[in-house]
Amino acid sequence: MIQGAVMFAVRPAVASIDFARRGEREMRRRAGDGLERATIAIIDGALADGIADRIADRLLAGPELERIVAKALEQPGVERIVNQLIASPVIQDAIARVADDAIARLRDSPAMWALIDEIAQSPSVSEAITAQGYGFADQVGDDIRERSRHADARLERLAWRLLRRRSPPGGAAPSTAGAT
Amino acid sequence: MTEYAGLATRTVAFAVDAAIINLVAWGVAAVVALGLSLLKVPDDVVTVMAVIGAVIAVGWAISYFAYFWSATGQTPGDRLLGIQVVQAGGGEPPHLGRAVVRVLCLPLAAIPLCAGFLMILVDRRRRALQDVVVGTVVIYVREPEPVPTHVPVGSAKALH
């Protein structure tokens, strides 16, 4: 009974507190809306006056942007992001499309073929191809010569080892070099 | 200082020369055989032509070695392997007569189980039987200077 009396007495107070809270929330919401509208209006005004352009020009002309970019590039995360971007299928597809497009355009370009003909007929290219051919032949010849000379020495050592076993000691090894 | 060519190098050079000689001989023989196949030739004539062909083939092989040895001291095989046949005394290529005798000595060197060639392994100047008979030695030729491979491609003049 006492509890019922207390509840009866407190109820108006609780109702008034709820009313006050609702009013506070409504006030805050309206104030926020007004602040947002005011901010947007200020930004619109600044854009209309060209302040944003001036800020962008100032940033691009000054050293700050370079410093910011340099600092950003020093971060390890940037490299990671760039690697992920490069490895992403979207970028890969884009690169492949660009390359295909460029190759197709080059193939259709008469100027490109004229340039290729010009280069192919140039004496320097002919000389380079000739030099390359001689170089390869020389390389093969050198290799054969070197191997055969090693084989000469090996065979000779083997022969003399065999002879020393069967012939009396004192026989000198053959001289592989001397005056003619 | 002269270095004398050893058995392996000389064998490879000889194999290259033998390949060239045989390729040419087989090519000529194939052309002749194709030509004869179109004609009706009696068997006796074919036999005679085969004998003549064999004689020509032997002559061709002898001429090949004799010509190259007496001209420059190097057959194509020798040139590939970088060796040269020279007279033991002077370093000049052998004369044509000596070159022919040298060729004819090749079978003599081969007959006793190639002992005439195996002399190379034990002779101080790496001479085979044919070298001892005609007084020649086979030496390594000094390596030629490498061909320059750098070409100034970037210059504008080079394109015209």
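From the N terminus on, the elements of chain A run α-α-α-α-α-α-α-β, a total of 7 helices and 1 strand. Helices (H or I, at least four residues) and strands (E, at least two) are DSSP runs, numbered from the N terminus. Of the 180 residues in chain A, 3% are buried; a buried residue has 20 or more other C-beta atoms, placed from the backbone, within 10 Å of its own. The model is predicted: local features need pLDDT of at least 70 and side-chain atom pairs count only at pLDDT 80 or more, whereas totals for chains, interfaces and linings use all residues. Residues are numbered from 1 along each chain as its sequence is written, with chains lettered from A and ligands numbered from 1 in the order in which they are written.

In chain B, helix α1 (residues 7-37) and helix α2 (residues 43-71) have axes that come within 10 Å and cross at roughly 150°. Axes are lines fitted to C-alpha atoms, for helices over the stretch in contact, and angles run from 0 to 180 degrees between N-to-C directions. The two helices α1(B) and α2(B) are therefore roughly antiparallel (an angle over 145 degrees). Residues I21(B), A25(B) and A29(B) of α1(B) meet G53(B), A57(B), W60(B), A61(B) and Y64(B) of α2(B), contact requiring C-beta atoms, placed from the backbone, within 7 Å. This contact of α1(B) with α2(B) comprises 7 nonpolar residues, 1 polar and no charged (Ala, Val, Leu, Ile, Met, Phe, Trp, Tyr, Cys and Pro count as nonpolar, Asp, Glu, Lys and Arg as charged, and the others, Gly among them, as polar).

Helix α2(B) also approaches helix α4 (residues 96-110) of chain B, the axes coming within 8 Å and crossing at roughly 135°. On α2(B) the contact involves I62(B), F65(B), A66(B), W69(B) and S70(B), and on α4(B) L96(B), A99(B), V100(B), R102(B) and V103(B). The residues of this contact divide into 8 nonpolar, 1 polar and 1 charged.

Strand β3 (residues 136-140) of chain B has 5 of its 5 residues buried, so the strand is largely enclosed by the rest of the structure. T136(B), V138(B) and Y140(B) cover one side of β3(B), with V137(B) and I139(B) on the other, and all are buried. Strand β2 (residues 83-87) of chain B pairs with β3(B) in the antiparallel sense over 5 bridges, pairing requiring at least two DSSP bridges. Within this pair, V86(B) stands opposite V137(B).

Methods. Angles under 35 degrees count as roughly parallel, over 145 as roughly antiparallel, 65 to 115 as roughly perpendicular and the rest as oblique. Two residues are in contact if their C-beta atoms, placed from the backbone, lie within 7 Å. A residue is buried if 20 or more other C-beta atoms lie within 10 Å of its own, exposed if 12 or fewer, and partly exposed in between; C-beta atoms are placed from the backbone.
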